[in-house]
Amino acid sequence: MRSNSKMNFMILITATIAAGLSQGMLLPVLSILLEQKGVSSSLNGLNAAALYIGSFGMTLIAERVLGAIGFKKLIAGGISLVLVSLLLFPFFPGIKIWFVLRLLVGVGDAAINYAAQLWVLLMTPAEHRGRNLSLYGMSYGLGFSLGPLGISLLRFGQATPFIVLAFLFLLVLILAVTMLPDSRPDKVESGESQVRRFGRCYSLAWFALIPALLYGFMEASLNSNFPVYGLRIGYSTDQIAALLPFAGIGGLLLQFPLGLWSDRFGRKKVLILTGIGGGIAFALLPLAGDHFKVTMVLLMIAGGLVGSFFSLGLSLAADILPRHLLPAANVVASFHFSIGSIIGPGIGGLLMQVGWGGGIFGLMGALYIAFGLLGLFFSPRQKI
């Protein structure tokens with residue numbers, strides 16, 4: 001693993017891009033298809049949450065499964081599950097079956113992300129943690145931001161986006177199976193239960209674990225609710241497909257600089273400033289109405305500032321926690337991400353149902369600003 005660490009890193013990055021693509025494409029594409037079928041916004045949002053319910057379920061067992069089968073098999077298994085699910089979407093267009101398939105995609109994506117991000121975290125020295133985790137975050141952001149472009153493929157038939165993405169997953173699967181080595185994380189200290197390790201993660205690094213929750217809430221809400229919100233205020237599907245990637249583009253532009261700045265100036269300071277700035281940008285989105293350029297700029301600013309939240313939070317947790325607690329912290333962060341992703345689309349759908357279409361963006365803004373202010377009261381303790 002050490003001699004080929006750069007090659008391993010690049011394959012992990014490729015797998016993470018694929019996972020980002022699947023979520024970035026499925027959320028808006030399926031939301032638009034359900035909206036066109038006349039499905040209510042609240043039910044649409046709940047259906048979108050299925051992907052993250054699957055992620056949540058996988059998170060509960062991810063640490064044990066990884067310990068049993070290792071990084072390579074978990075990543076390959078996740079890729080295979082997503083690949084098969086993508087091929088089934090066009091053949092079973094019912095909302096109930098889509099719910100089940102989204103669950104399976106969530107399980108697969110969670111397996112990929114959990115194994116990849118922990119592997120990157122464990123192979124990276126502390127002095128380069130912000131940089132390497134930002135590269136990992138950039139890879140996911142790249143996939144996620146490119147995913148909505150799948151909306152444009154709908155003009156060639158409803159099955160086209162799913163078939164194209166399935167082919168890309170097949171290529172990644174071949175790469176992972178043939179090139180990645182078998183490797184497993186360090187064994188946990190004997191006598192320490194999983195619950196106790198989770199409790200220690202919370203007690204030492206609670207502030208560092210909140211960003212994953214906010215990131216999941218933002219990501220799922222934006223990609224599930226914004227297409228419906230956009231259609232209702234007058235945007236075309238092509239305009240929505242053009243706008244959504246700008247949140248990811250902003251994240252890509254700032255992900256690496258923010259990672260470097262967090263290495264130099266401290267991750268807590270960067271999280272506080274980006275949380276407040278991103279919150280303000282989200283809160284201003286409803287005021288933009290159907291002004292395309294204003295919406296585009298605000299999405300880029302907001303996405304740029306908070307697009308690093310997951311990786312920065314995980315990096316801060318790694319700074320604070322002893323090494324043997326990192327797998328547990330990774331589980332907690334993934335757990336938070338899934339919870340945020342589950343509740344985000346549902347809350348957004350309900351707000352649109354009661355006539356407050358822009359309410360989800362006001363709520364996101366308030367949550368990010370509150371997080372930034374909360375950071376003023378957090379003082380990390382020494383590793384124990």
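This is a predicted model: local features need pLDDT of at least 70, side-chain atom pairs count only at pLDDT 80 or more; totals for chains, interfaces and linings use all residues.
Residues are numbered from 1 along each chain as its sequence is written, and side-chain values use heavy atoms, with hydrogens and water left out. The chain splits into domain 1 (1-190) and domain 2 (196-383), with bounds that come from an automatic or database domain assignment.

**How the two domains meet**

- The C-alpha centres of domain 1 and domain 2 sit 19 Å apart, and their contact (heavy atoms within 4.5 Å) takes 52 residues from domain 1 and 52 residues from domain 2.
- The size of an interface is often given as the accessible area lost when the parts come together.
- Here domain 1 and domain 2 bury about 4,400 Å² between them, 66% of it on carbon and sulfur atoms; buried area is the accessible area (1.4 Å probe) that two parts lose on being put together, summed over both.
- Two salt bridges run between domain 1 and domain 2, where a salt bridge is a side-chain nitrogen of Lys or Arg within 4 Å of a carboxyl oxygen of Asp or Glu.

**The nonpolar core**

- The largest nonpolar core has 121 residues, and Leu26, Ile79, Phe169, Phe226 and Leu321 touch the most other members.
- Domain 1 (1-190) and domain 2 (196-383) both give residues to this core, so it lies between them.
- By definition, a nonpolar core is a set of buried Ala, Val, Leu, Ile, Met, Phe, Trp, Tyr and Cys residues joined through side-chain atoms within 4.5 Å; buried means under 20% relative accessible area, exposed over 50%, and partly exposed in between (1.4 Å probe, protein chains only).
- Skipping residues up to four places away in sequence, Leu26 touches Ser31, Leu51, Leu86, Phe89, Arg102, Val105 and Phe162.

**Two helices to look at**

Helices (H or I, at least four residues) and strands (E, at least two) are DSSP runs, numbered from the N terminus.

- Helix α12 (residues 292-306) has 15 residues and reaches 21 Å from its first C-alpha to its last, close to the 21 Å expected at 1.5 Å a residue; that expected span is 1.5 Å times one less than the number of residues.
- The buried residues in α12 are Thr295, Leu298, Leu299, Ala302, Gly303, Gly304 and Val306, and they pack against α8 (194-233), α9 (237-243), α10 (245-265), α11 (267-288), α13 (309-320) and α15 (359-374).
- Helix α2 (residues 41-48) is mostly covered, with six of its eight residues buried.
- In α2 the buried set is Ser41, Ser42, Asn44, Gly45, Asn47 and Ala48, and their cover includes α1 (5-36), α3 (50-69), α5, α8 and α14.

**Salt bridges**

- The structure holds four salt bridges.
- In one of them, arginine 197 and glutamate 63 meet at 2.6 Å, N to O.
- Aspartate 238 pairs with arginine 155, with their closest N and O atoms 3.3 Å apart.
- Aspartate 238 lies in helix α9 and arginine 155 in the loop between α6 (129-146) and α7 (160-179), so this bridge ties together parts that are 83 residues apart in sequence.
- Aspartate 238 is partly exposed at 43% relative accessible area, while arginine 155 counts as exposed at 57%.
- Aspartate 263 bridges to arginine 267, with the closest N and O atoms 2.9 Å apart.
- Salt bridges that share partners join Asp263, Arg267 and Asp319 into one network.

**Two single residues**

- Asparagine 113 sits in helix α5 (residues 95-123) and is buried, with a relative accessible area of 11%.
- Leaving aside neighbours within four places in sequence, asparagine 113 is in contact with Thr16, Ala19, Gln23, Tyr136 and Tyr140.
- Proline 322 lies in the loop between α13 and α14 (326-353) and counts as buried at 9% relative accessibility.
- Proline 322 and glycine 150 are 172 residues apart in sequence and 42 Å apart in space, C-alpha to C-alpha.
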